[in-house]
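Visitor: I'd like to learn how to read a structure like this one. Could you walk me through some of its features?

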Amino acid sequence: MKQFFQILVVLLISLSSCQGKQSRQEVRKEIQLSDSTDQEIFNSIWEIAGSMSIDSLPLNDRVVEVAKMFMQTDYVGGTLDGNEKEQMVVNFRELDCTTYLENVVALSKVLSNDSLTTDDFLKELENLRYRNGKLTDYASRLHYFSDWIYENEKKGIVKNITCEIGGEKYNKTINFMSTHVDSYPALKVDVSLVEEIRKTENEINKRELFFIPENNIQNLENKIQNGDLIAITTKIEGLDISHVGIAIHVNNRLHLMHASSKAKKVVISDIPLAEMLMQSKYQSGIIVARLK
């Protein structure tokens, strides 16, 4: 709720001084979200984007401005997993690192559309979140973030730039979900999904992955742009990525905008990303994807 009121304050200020895009309210059709607060937050973000010309910015810059609108939003894990069957969940009030990134990217992509239709945002979010852009079941969700990048690169949404900016091979066997079934309620309820997850893991393990080791991030951070997507690799056995966020440079150093489980809210890291990773015994480096 804190985030919602922050958005309203910004909206009131911006609308009082900007009069140029009132037609956006006339052409927009309401996106019917299940929670009325989420609906109001979406409407406010859309109106702010128009009044402050955020919608006309290049995509990477648009991502940064939309990401800032969620600062201080509460961190809550597992918001996608509270239903008996896999459903299309939209929750702007409570975010984990992945839902923060997905909501920001999906909103940023649709905000430039002056004739936004009812389903545009939901379709964009579904396209990002699920294999082939379609929700079928729990296994269709892109649980492993290296797989998320791979699948969304095939869709033409992002480009994995890790190798070209100086990354090196990331040799890791991915099998965490299929070997930790008890950690995933949906897999415990429907064991048939475990085999589907295992098939996904096998496909991931056939791919050549690259990462920038933590001790080389500072040397390469000037090649990373504001609004790039950052996936933090992990030393945890069987897992590819443990955290994600959005790149932002502060005082000529690369920082991370992210939904932090430690801070319990969306923040910009108080120290540069390179130093942040060096302080963690579980994080090993980053993979970088750029929106197209």
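Guide: Let's start with a cut-off: a residue counts as buried under 20% relative accessible area, as exposed over 50%, and as partly exposed in between. Keep in mind that this is a predicted model.

Visitor: By that scale, how does S53 count?

Guide: S53 has a relative accessibility of 33%, so it counts as partly exposed. It sits in the loop between α3 and α4 (59–69).

Visitor: What is there to note about the phi of S53?

Guide: The general idea first: most residues other than glycine have a negative phi. S53 is not a glycine, yet its phi is positive, at about 60°. You'll find that residue just after α3.

Visitor: Where does Q72 lie, and what is its phi?

Guide: Q72 lies in the loop between α4 and β1 (74–75). Its phi is positive too, about 75°, and Q72 is not a glycine either. With a relative accessible area of 28%, Q72 is partly exposed.

Visitor: Back to α3. How do I check the length of a helix?

Guide: You work out an expected span, taking 1.5 Å times one less than the number of residues. Helix α3 (residues 36–51) has 16 residues, so it should span 22 Å; the C-alpha atoms at its ends are 23 Å apart, which agrees.

Visitor: And is α3 largely enclosed or open?

Guide: Count its buried residues: 14 of the 16 are buried, so α3 is largely enclosed by the rest of the structure.

Visitor: Can you show me one pair of residues that are separated along the chain?

Guide: Take L122 and M88, which are 34 residues apart along the chain; their C-alpha atoms are separated by 8.1 Å. L122 belongs to helix α6 (residues 120–129). At 23% relative accessibility, L122 counts as partly exposed.

Visitor: Which residues lie nearest the centre of the largest pocket?

Guide: A pocket is open, whereas a cavity is a space that a probe cannot get out of. The largest pocket holds about 1,300 Å³ of space. Its lining has 44 residues, and Y75, C97, S242, H243 and V244 lie nearest its centre. Elements that each supply at least two lining residues include α5 (97–110), β7 (241–250) and β8 (253–260). By class, the lining has 22 nonpolar, 14 polar and eight charged residues.

Visitor: How is the second largest pocket lined?

Guide: That pocket has a volume of about 320 Å³. It is lined by 15 residues, with N83, E84, K85, E86 and A186 nearest its centre. Helix α9 (residues 185–189) gives the largest share of the lining, three residues. The lining divides into six nonpolar, two polar and seven charged residues.

Visitor: How many cavities of 30 Å³ or more are there?

Guide: The count comes to one. The largest cavity has a volume of about 40 Å³. Among the residues that line it are R131, H143, Y144 and D147. Its lining divides into four nonpolar, two polar and three charged residues.

Conventions:
Residues are numbered from 1 along each chain as its sequence is written. This is a predicted model: local features need pLDDT of at least 70, side-chain atom pairs count only at pLDDT 80 or more; totals for chains, interfaces and linings use all residues. Side-chain values use heavy atoms; hydrogens and water are left out. Helices (H or I, at least four residues) and strands (E, at least two) are DSSP runs, numbered from the N terminus. Buried means under 20% relative accessible area, exposed over 50%, partly exposed in between (1.4 Å probe, protein chains only). On a 1 Å grid over the protein atoms alone, a cavity is a set of points where a 1.4 Å probe fits but cannot get out, and a pocket is an open set with protein on both sides within 12 Å along at least five of seven lines; lining residues have an atom within 4 Å of a point. Grid points are joined across faces, edges and corners, and a volume is the space filled by probe spheres set on the points. Ala, Val, Leu, Ile, Met, Phe, Trp, Tyr, Cys and Pro count as nonpolar, Asp, Glu, Lys and Arg as charged, and the others, Gly among them, as polar.
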